[in-house]
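I opened my notebook and looked up a handful of local features, one after another. These are my entries.

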Amino acid sequence: MNPESIYIHIPFCKTKCPYCDFASWAKKEHLFEEYIDALISEIKTKCEAYFAMGNLPQPIHSLFIGGGTPSLIPPDLYEKLFSELKKHFQFLNDCEITMELNPGTANDNFLVGYKKLGVNRISIGAQSFNEKILETLGRKHSVDETIEAIEKIKNAGFTNFNLDFIFSVPGMTKQIWEESIYKALSFNPKHISSYSLIIEPGTPFEHIYKDPKNLPTDDTASEFYMLLCQTLNENGYKHYEVSNFAKSGFESKHNLNYWLAKEYYAFGVGAHRYLNGLRTANTKDLDLYISNPNIETIVDFPINYDFEKIMLTSRLNQGFSLKSIERVTTKDKHYVKNMLNTLTEGGFIELFEDNVHLTDKGMFVNNEILLKLI
Amino acid sequence: MSTKLNIRNFCIIAHIDHGKSTLADRLLETTGAISKREMKAQVLDNMDLERERGITIKLQTARMEYKANDGQDYVLNLIDTPGHVDFTYEVSRSLAACEGALLIVDASQGVEAQTLANVYLALENKLEIIPIINKVDLPGAEPERVKKEIEDLIGIDTSNVIYISAKTGLNIDQVLEAVVKYIPPPRNTIDLPPRGLIFDSYFESYRGIIVYFRMFDGRIKVGDEISFMANEKKFIVSELGYLNPGQLPQKELKAGEVGYLAGFIKEVSSLVGDTVTTTSNRATEPLIGYRPAVPMVFCGLYPIDADQYPVLKDALEKLKLNDSSISYEPESSGALGLGFRCGFLGLLHMEVAQERLEREYKLNLIATAPSVIYRVTKHKGEVIEIENPAFLPDANHREKIEEPFVLLHIFLPNEFVGNVMELCQARRGVFKDMKYIDTKRVQLTYDMPLAEIITDFFDGLKSRSKGYASMDYELIGYRESKLVKLDVLIAGEPVDALSAIVHSDKAPYFGRLLTSKLRELIPRQLFEVPIQAAIGGKVVARETVSAVKKNVIAKCYGGDITRKKKLLEKQKEGKKRMKSVGRVEIPQEAFMAVLKLEGE
């Protein structure tokens, strides 16, 4: 079946955060228009070629405009982009259309424009409700600007929004973290995503935090995580994926598409797609992308689908079947069976008939559990 | 019959780093046996492992043709020798195939313990020795002092000493002339029944065992039916020839010559040291000059993946064809499953063998800590030998334990004497003697348990002497010691493969060091892992590895799940290097923790 999800990457930011290793650049406003044109050209060329081969497009159930900071781009440019997309794809009436937004970039007119185009979900990079933590993270916005952004999107008529957080940041105490969580809840978001800080190679943080002693320990990170899970659970959020929590019915369709190991289209610099059983990626070089947006490289071949599926679905609270373990495991049947019991006794997993799912505690050691079973 | 053969068979004796391989290369180059272009640096060290470690383990042999100043053509066979304390046995095989030896001594380092031991072996074999002082071009060179040292310490005549630089090629021609002039030619016994001394062998799947040998008497031709005198099996020679150092097929090999032969030889356990003869003109007596190797260090080798047991068995069989000094016997461990107890000449030998098994046979192995053979007397006077600490009978079932002792010689600059004596003391050494070799250098002599030497003594010696000390030892027999078995329990389960036999006075301290080292080496797991050391059921030390709390990829950036997958695959690969014991995964290094204890 052809994909039902599309990812669009917008690689522009006001400033580059020191922990970010994703394809994004600051001070490239002069390239906005050229970039959107390149995106349009990529969509046009690839879709025409793809559908000409006889592939039947499926109606789209989710579109995610991620970044970078997509909210920097004015709506009229998106209008061009959307009209190109609509030439090739049919969007379902309840299609989830998400746009990422960073506090400090929210513009009332832009928001109204996005809404008009069909955007119906906003993901706000709040990261923290503590000024000191924002500073440590190198975020250039204040807590007040985050609050202002939430008000603006509500005023523009958006009711479905997500708040993004980072925990396990140097200097973060349990109290600071708890305050941020409660502050987030006070805005009643439909969705909360929260990641522990990862020190990525090639980022300024790699050098600043060369010595792991200056970072919170894994044990601390785990305490923060458990606090998050517990608090959100008590407040009516479902922990439906390792890092994602939602009010019932507001789980992100786009995210679920990834974790269910389904295919998806992707356009833009550095974007990764999964199409026709192949995972391919676009160049990470912005100038190269603008001059030729059609080059792709294969990132993984051949794909071990069963392995990927268990790796991805194990992140979801719906879990995975015992049969899917049998398909990929290199371990002895008896060993796996004992291990499942041990993991259950240890409170890492729960078993319902032939379905396994990870508990909150289990989710934070997701890899460790997979390694025990496969 | 009485014509002298224009053949010279010789080897090189040198301490590690004194320039043996460089000289060998220079000889090959000068005689044109191998061109500069073909020469990777140091052709004779042809195993990757040897080149990496800068040592020679497997023997290599090269035939050179040389026109001497007397106008005659000579064949010079260089039989290479290993230069490490573990490989005395291999040295003895090479020596037995030669009439002479070049003794290389570094012009600034002087005579080292190992050099001395090998010269004595050469003298026992009645070899003519040509002293050569190498690296005379270097700034710190003191050739005259070193020459006197050779006279005083070794007691050989140095009137014919040659000063060379193998690196620059200085006086290499003099070395070649000296080989022709001083080393006696082989006896011309071509009419006697054929006898060849086997000094090396290795296995190939297509040609069977390839034998390296020195013909002493008679001749062997392609097509001859041969047999080995310690072994009644018969084979037809399918191929034989010279080693230059590649294999150069010939029709026959005659008395005095050195070469290889093949004959689809299979199912022969050990050939090295044996005598090859023909069945049609069978010799009556085997050649002498052979000292069998006695493994002194034992460890368990277990496949991490139990399915690899047959592969390991096959690999050990083949390795033994190539290195007859290795011994192996099946054993089983509660913690590690089926494996082998293997015997080696020393610690380096053991490490090299393990690395070869892993590389050449793609095995993932757990090696347990090295042990010696303990002699245990039970109550009714019955004496048993224990190669595996796990099998030591309980204290109430034994009368006494004896362990092997060695006579240890250490050569070192005098400023490190204090440091090194401290080390020897800590390792239960019994001081015997200290003497000055010259104003700066000292020879220390100790009686010491072999078990102490094989647990990282050499590294300790090197670090306490800034790398200047050298050592050599020989087995002197068994002595009674106050020994106990230290057991290790992981997650409450005894892990037999981690048991160690230690001196009772040091046992609790040793237990603390060991558990603390294991805590470092065993990675955090899903569950807390207690580690205990116990003597006779009484816990003497305890540590805990806390549980892993985080191992997850938080985020999938823009649909890039490949990164996550690669990390997971890498972690999975890492786990393959670990052995599951109960529900605990123990990395390979942990089984060698005993060797990495600091303190003392």
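I started with Lys362(B), which sits in the loop between helix H8 (347-360) and strand E20 (365-367) of chain B. The model is predicted. I looked up the phi of Lys362(B) and found a positive value of about 50°, although the residue is not a glycine. I noted this because most residues other than glycine have a negative phi. Is Lys362(B) buried or exposed? I found Lys362(B) exposed, because its relative accessible area is 67% and the cut-off for exposed is over 50%.

Next I went to chain A for another case. Asn276(A) is not a glycine either, and its phi is positive, near 55°. I placed Asn276(A) in the loop between strand E12 (272-275) and strand E13 (278-282) of chain A.

Then I checked a peptide bond. The bond from Gly67(A) to Gly68(A) is cis, with omega near 20°. I wrote that down because most peptide bonds are trans. Gly68(A) belongs to the loop between strand E4 (60-67) and helix H2 (75-88) of chain A.

**Entry: a buried asparagine**

I turned to Asn388(B). I found Asn388(B) in the loop between strand E22 (383-386) and strand E23 (398-413) of chain B. I counted Asn388(B) as buried, because its relative accessible area is 8% and buried means under 20%. What does Asn388(B) touch, leaving aside its neighbours within four places in sequence? I found Glu331(B) and Arg341(B). With Glu331(B), the side chain of Asn388(B) makes a polar contact, side chain to side chain, at 3.0 Å.

**Entry: salt bridges**

I searched the whole structure and got 51 salt bridges over all chains. I looked at some of them in turn.

Lys80(A) pairs with Asp37(A), and their closest N and O atoms are 3.0 Å apart. Lys80(A) is in helix H2 of chain A and Asp37(A) is in helix H1 (residues 32-52) of chain A, so the pair ties together parts that are 43 residues apart in sequence. Lys80(A) is partly exposed at 34% relative accessible area, and Asp37(A) is partly exposed at 36%.

Asp211(A) forms a salt bridge with Lys213(A), with the closest N and O atoms 4.0 Å apart. Here I noted Asp211(A) as partly exposed at 35%, whereas Lys213(A) is exposed at 72%.

Glu585(B) bridges to Lys372(A), and the closest N and O atoms are 3.6 Å apart. This pair crosses between chains, from strand E33 (residues 584-587) of chain B to helix H15 (residues 366-373) of chain A. I found both Glu585(B) and Lys372(A) buried.

I also found a network. Salt bridges that share partners join Glu112(B), Glu142(B), Arg145(B), Glu149(B) and Arg441(B).

**Entry: where the chains meet**

How many residues of chain B are in contact with chain A? I got 32 residues of chain B, in contact with 44 residues of chain A. The area buried between the chains is about 3,800 Å², and carbon and sulfur atoms give 59% of it. Leu526(B), Lys550(B) and Leu568(B) supply 18% of the area that chain B buries against chain A, more than any other three residues.

I then looked for polar links. The rule finds 5 salt bridges across this interface. One pair I looked up joins Lys565(B) to Glu308(A), with the closest N and O atoms 3.8 Å apart. There are also 11 residue pairs in polar contact across the interface. Helix H13 (residues 562-576) of chain B gives the largest share of the side of chain B that touches chain A, 11 residues. I sorted that side of chain B by class and got 11 nonpolar, 7 polar and 14 charged residues.

**Entry: aromatic rings**

I finished with rings. The structure holds 26 aromatic pairs over all chains. The rings of Phe205(A) and Tyr209(A) have centres 5.0 Å apart and planes at 80°, so I logged the pair as edge-to-face. Both Phe205(A) and Tyr209(A) are buried. The rings of Phe228(B) and Phe235(B) have centres 6.0 Å apart and planes at 50°, so that pair is tilted. Phe228(B) and Phe235(B) are both buried.

Ring pairs link Phe129(A), Phe165(A), Phe167(A), Trp177(A), Phe187(A), Tyr225(A) and Phe364(A).

Conventions: Residues numbered from 1 in each chain as written. Chains lettered and ligands numbered in written order. Predicted model: local features only at pLDDT ≥ 70, side-chain atom pairs only at ≥ 80, totals over all residues. Heavy atoms only, no water. Contact = heavy atoms within 4.5 Å. Buried area = accessible area lost by both parts, 1.4 Å probe. Salt bridge = Lys/Arg side-chain N within 4 Å of Asp/Glu carboxyl O. Polar contact = N/O pair within 3.5 Å; in protein donor to acceptor, adjacent residues only side chain to side chain. Helix = DSSP H or I, 4+ residues; strand = E, 2+ residues; numbered from the N terminus. Nonpolar A, V, L, I, M, F, W, Y, C, P; charged D, E, K, R; others polar. Buried < 20%, exposed > 50% of the residue type's maximum accessible area, 1.4 Å probe, protein only. Phe/Tyr/Trp six-rings, centres within 6.5 Å; stacked < 30°, edge-to-face > 60°.
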